[in-house]
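Hi,

Here is the structure I promised to pass on.

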Amino acid sequence: SEEKTFEPEGEVKRKVVLYDFGAKHNIGRELVKRGCEVTVVPAYTKAERIKELAPDGIMLSNGPGDPAENVEIIEELKKLSEMKIPTFGICLGHQLLALAHGAMTHKLKYGHRGANQPVKDLTTGRVYISSQNHGYEVLRDTLPEGAEETFINVNDGTCEGITYHDMPAFTVQFHPEACAGPKDTEELFGRFIQMMRDYKEKEGASCR
């Protein structure tokens, strides 16, 4: 596949690179409708190319299979992590960024499937109903320093979200872009937009 760019109808507020590991189209739509110009890049795109595109943020998409087998992609994500570009990962993207930080993944006995998986936000205590379709989990005991578990699965206690403190990034195991629903976690796209805005302002302040 090749690079493709999608423009919002109005003014471009942010430029986002969407890594396509098997991305659902609705991820791009959710970003475009929030004023983002979205450049979709193939899964094996090098970190150097992402740097050339100079995005305000990076979106790591969902996708199939055993996350640990994506050795080349994980190496590029290690390089991108050092560039400190605001990053939001979903499902496989969540797992790959964790692996790039040295964490480990494990195959679940029973995968999480369907549109009624309860997840708890450990920051607020709120429970959301989420859509999920995955067979692997990030092992919380292997998370490095600077990676904080922020969501858990209410049914089995597995890790459902991570916030990173060594870079502007957060990831979730579930699908906030689920088309048809549930819509509970759509606000995470708003959080990503805010993170890009905050980072830009902080960078601007440090350049003065």
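Helix α3 (residues 71-83) packs against helix α4 (residues 92-100) at an angle of about 70°, and their axes are 8 Å apart. Angles of 65 to 115 degrees count as roughly perpendicular, so that is how α3 and α4 sit relative to each other. On the α3 side, the residues that take part are I73, I74, L77, K78 and S81, and they meet L96, L97, L99 and A100 of α4. Sorted by class, this α3 and α4 contact is made of seven nonpolar residues, one polar and one charged. Do keep in mind as you read on that this is a predicted model.

Next, a pair of residues on two strands. Q117 belongs to strand β6, which covers residues 105-121, and S130 belongs to strand β7, which covers residues 127-138. Are these two buried or exposed? Buried means under 20% relative accessible area; Q117 comes out at 9%, so Q117 is buried, and S130 is buried too because its value is 1%.

Both have polar partners. A polar atom of the Q117 side chain lies 3.4 Å from the backbone oxygen of R113. The S130 side chain makes a polar contact with the side chain of Q132, at 3.1 Å. Q117 and S130 also touch: once neighbours within four places in sequence are set aside, Q117 is in contact with H112, Y128, I129, S130, Q132, N153 and N155.

Then there is L188, in helix α5 (residues 187-207). With a relative accessible area of 6%, L188 is buried. Which residues does L188 touch, not counting those up to four places away in sequence? They are F88, F151, F170, V172, F174 and P176. V172 is 16 residues from L188 along the chain, and the C-alpha atoms of the two are separated by 9.2 Å.

Take C91: the nearest cysteine sulfur belongs to C159 and is 12 Å away, and C91 is in no disulfide. The cut-off for a disulfide is a pair of cysteine sulfur atoms within 2.5 Å. C91 counts as buried, at 3% relative accessibility, and C36 is buried as well, with a relative accessible area of 0%.

Cheers

Technical notes: Residues are numbered from 1 along each chain as its sequence is written. This is a predicted model: local features need pLDDT of at least 70, side-chain atom pairs count only at pLDDT 80 or more; totals for chains, interfaces and linings use all residues. Side-chain values use heavy atoms; hydrogens and water are left out. Helices (H or I, at least four residues) and strands (E, at least two) are DSSP runs, numbered from the N terminus. Buried means under 20% relative accessible area, exposed over 50%, partly exposed in between (1.4 Å probe, protein chains only). A polar contact is a pair of N or O atoms within 3.5 Å; within protein, one must be able to donate a hydrogen and the other to accept it, and residues adjacent in sequence count only if both atoms are side-chain atoms. Contact means heavy atoms within 4.5 Å. Axes are lines fitted to C-alpha atoms, for helices over the stretch in contact, and angles run from 0 to 180 degrees between N-to-C directions. Angles under 35 degrees count as roughly parallel, over 145 as roughly antiparallel, 65 to 115 as roughly perpendicular and the rest as oblique. Ala, Val, Leu, Ile, Met, Phe, Trp, Tyr, Cys and Pro count as nonpolar, Asp, Glu, Lys and Arg as charged, and the others, Gly among them, as polar.
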